[in-house]
Amino acid sequence: MKRLSIIFLLSFALSLFSTPLFAADTFDLSIPLPLTGSNAKFGEMEKNSYEIAAEEINAKGGVKGKKIILTFEDSQGKPDISRSVAEKLIDVKKQPIIIGEYSSSCSKAIAAVAEERKTPYLVVTGAADDITRQNYKYVFRLNPSSAYYSTGLISFFKQVVKPKTIAILYESSDFGTSGADDMEKQAGSFGAKVVLKEKYEKGAVDFKPILSQVKAKRPDVIYMVSYVMDASLLMKQIKELRIDAKLYAGGAAGFAIPEFIDNAKDAAEYVVTSTLWSPQVKYTGAKEFAEKYKTKYGDYPSYHGAEAYSALYVLKDALERAKNWTPNDIRDALAKTDIMTAFGPVKFEDKDGFQQQNFMDTLVLQVINGKHETIWPEKYASAKYVYPIPRWRDRR
Amino acid sequence: MNAVQVEVLLQTLISGILLGGLYALIGIGMTLIMGVMKIINLAHGELMMVGMYVAYVLFTFFHIDPYLAVFFAAPFLFFLGVLIQKFLITPVLKVDSILPENQVILTVGIGMVLANVVTMIFKSDYLSTPVDYATKAWYLTDYWRDAPIELSLSFAWSVSFLFAIFITIALWFFLSRTDMGKSIRATAQDNDAALLMGVNVGRMRMITFGLGSALVGAAGCLFIPMYYLYPSLGGQFTLIAFVITILGGLGSTVGAIIGGLILGVFESLTATYIGMGWAPVGRFAIFVAALVFLPGGVASLLRRQRLGK
């Protein structure tokens with residue numbers, strides 16, 4: 001009897017201490033990301049960026065006094081795995097909000113689960129249009145949808161290049177298809193005719209057959225939506241075939257990251273690409289984040305990094321405003337978001353058939369002397385654009 | 001047909017033949033193993049991937065050109081193949097099991113292990129060996145100023161193609177002119193008869209598996225100047241090798257060469273005239289067509305020709 005009461009007392013005392021010590025001081029957040037598989041490059045960059053943001057937030061006292069503890073779930077870039085990860089986080093871990101994932105297909109899978117379980121989901125990089133066009137109440141998107149990726153590029157076309165014809169090559173994924181369709185739709189707005197629109201299977205070795213078709217059509221602009229390795233293979237083989245278009249343009253993703261230049265080397269020169277962000281852009285905190293990332297991981301981050309970094313600040317802001325940390329309160333707080341981040345202004349709006357979508361200006365980069373420079377809009381430009389570009393035969 | 005269409009067709013054929021030469025080299029390794037051991041080696045693409053990583057390591061850390069890496073990767077893959085045969089496949093061959101082709105299933109497992117070991121060491125990043133001559137090419141108009149059409153011939157692709165031809169000739173010489181080559185062919189034709197004639201069949205199997213691995217490892221090195229690498233690329237090339245093996249006629253080296261060229265040209269033509277997204281469909285169409293209309297593959301055609309004479 002005596003022993004029992006001692007045990008009882010001890011456990012009571014322990015429980016008194018343990019609650020404030022372990023439970024209340026932290027906010028655990030698991031983020032699904034492709035850490036292995038073919039999208040691991042981007043997954044890794046986003047993971048690093050989330051960690052930088054969490055460090056900064058925690059150093060300044062966390063969110064309402066709680067430290068954010070990040071863990072990462074590897075989705076391997078496969079929609080079925082990200083779906084089950086999301087189910088686990090909501091049903092088992094009772095996490096009140098989900099953020100993260102990289103590709104459109106995976107984000108779409110999570111969005112469906114989140115809506116069904118009435119848990120808010122903040123899409124960070126998945127860009128396919130239909131993610132925020134399904135009248136979902138609980139899905140928010142930080143990055144512009146792919147229909148808006150190319151707004152900067154299109155204004156560059158309208159004012160500088162004025163192409164008459166355009167050829168579109170794209171990867172047969174959600175992102176590629178969506179980007180290519182949007183460009184096809186908008187080609188009329190700058191008076192260009194689509195002379196060829198062709199998709200390819202990711203992992204293709206030889207693009208020359210399709211490129212020789214492109215060459216025969218002599219388009220003014222070749223617009224490509226690809227991930228990194230295909231992007232450099234395409235440019236290398238375009239150089240090999242000496243296809244002289246007035247401009248080679250990429251739709252963000254693979255064309256906008258430093259690896260593109262490392263792999264395509266001189267074939268990358270003068271290629272323009274739309275992008276959402278660059279380290280030189282004049283948003284508060286952008287440069288600091290880019291420099292911090294560079295000193296820590298050796299290279300500048302692409303827009304994917306900035307999106308992830310800012311996503312955590314959006315979350316922090318919403319958590320601070322939410323009454324209780326329940327899915328519904330966090331959802332209401334997210335809907336009223338209106339803050340400035342390193343990635344740009346963030347505000348979730350219902351517009352043009354989109355719901356809870358963040359709209360923003362996009363930029364155009366051009367590879368000049370082996371470096372990505374911001375060339376458009378001119379108010380953000382870090383270098384003057386090079387146009388017209390020299391023909392392959394005349395280079396060097 | 002006007003000049004532009006001729007240009008597109010010729011350029012497509014050039015790409016197709018260059019690609020086909022490399023496909024042939026991938027296919028030969030599988031068909032050789034198939035002929036001698038009567039099993040399909042489904043770890044073939046993974047062995048190629050290992051060869052590519054050998055070339056990558058040599059290029060990145062020792063600045064050795066991928067084409068020279070062939071001479072390192074091929075012996076390395078040879079020993080890897082010998083070890084796999086000796087310590088994994090031979091023991092399984094001896095065991096009675098409920099599954100008839102358990103060695104084939106074993107090769108699937110070997111492929112998975114290889115892919116995952118490489119993932120552990122190099123992570124699953126895309127890697128590449130950015131060589132200086134990657135985009136170098138010869139142009140028709142540089143040599144013939146007034147040519148009505150412009151054709152280009154890629155330097156890297158051509159060198160790889162020549163290497164593939166050279167390796168194939170060396171293999172043919174080895175198989176038809178040396179004692180060991182003859183023993184391998186004897187084992188392929190009739191296992192028991194070869195055994196009775198005093199051929200060390202067990203050893204021949206080891207050497208064949210090693211040789212098959214070395215060939216596909218070399219093919220990996222030849223691919224790398226114009227491609228990139230990641231741990232899970234094996235499956236795609238196992239499939240290609242499999243299609244070529246069926247198309248060429250199981251176990252026939254000449255058949256594999258012709259099969260590789262047919263596949264390469266066919267894929268390029270599909271990509272140009274139907275659409276690039278259709279190239280994999282074309283690959284399987286030709287696979288099914290070969291099974292239905294030409295069950296013995298190209299090899300059976302060759303044989304018929306010879307008997308007819």
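The model is predicted, so local features need pLDDT of at least 70 and side-chain atom pairs count only at pLDDT 80 or more, while totals for chains, interfaces and linings use all residues. Residues are numbered from 1 along each chain as its sequence is written, and chains are lettered from A in the order in which they are written.

**Exercise 1.** Find out whether strand β8 of chain A is buried or exposed.

*Solution.* Start with the rule: a residue is buried if 20 or more other C-beta atoms, placed from the backbone, lie within 10 Å of its own. Strands are DSSP runs of E with at least two residues, numbered from the N terminus. Now check residues 221–225: 5 of the 5 are buried, so β8 of chain A is largely enclosed by the rest of the structure. Next, look at directions: A:V221, A:Y223 and A:V225 point one way, and A:I222 and A:M224 the other. In general, side chains in a regular strand alternate between the two faces of the sheet.

**Exercise 2.** Name the strands that pair with β8(A).

*Solution.* Two strands pair if DSSP finds at least two bridges between them. First, β6 (residues 165–171) of chain A runs parallel to β8(A), joined by 5 bridges; here A:L169 partners A:M224. Then β9 (residues 247–251) of chain A also pairs in the parallel sense, over 4 bridges, with A:Y223 partnering A:A249.

**Exercise 3.** Work out how many residues each chain brings to the contact.

*Solution.* Two residues are in contact if their C-beta atoms, placed from the backbone, lie within 7 Å. Counting gives 31 residues from chain A and 33 residues from chain B.

Conventions: A residue is buried if 20 or more other C-beta atoms lie within 10 Å of its own, exposed if 12 or fewer, and partly exposed in between; C-beta atoms are placed from the backbone.
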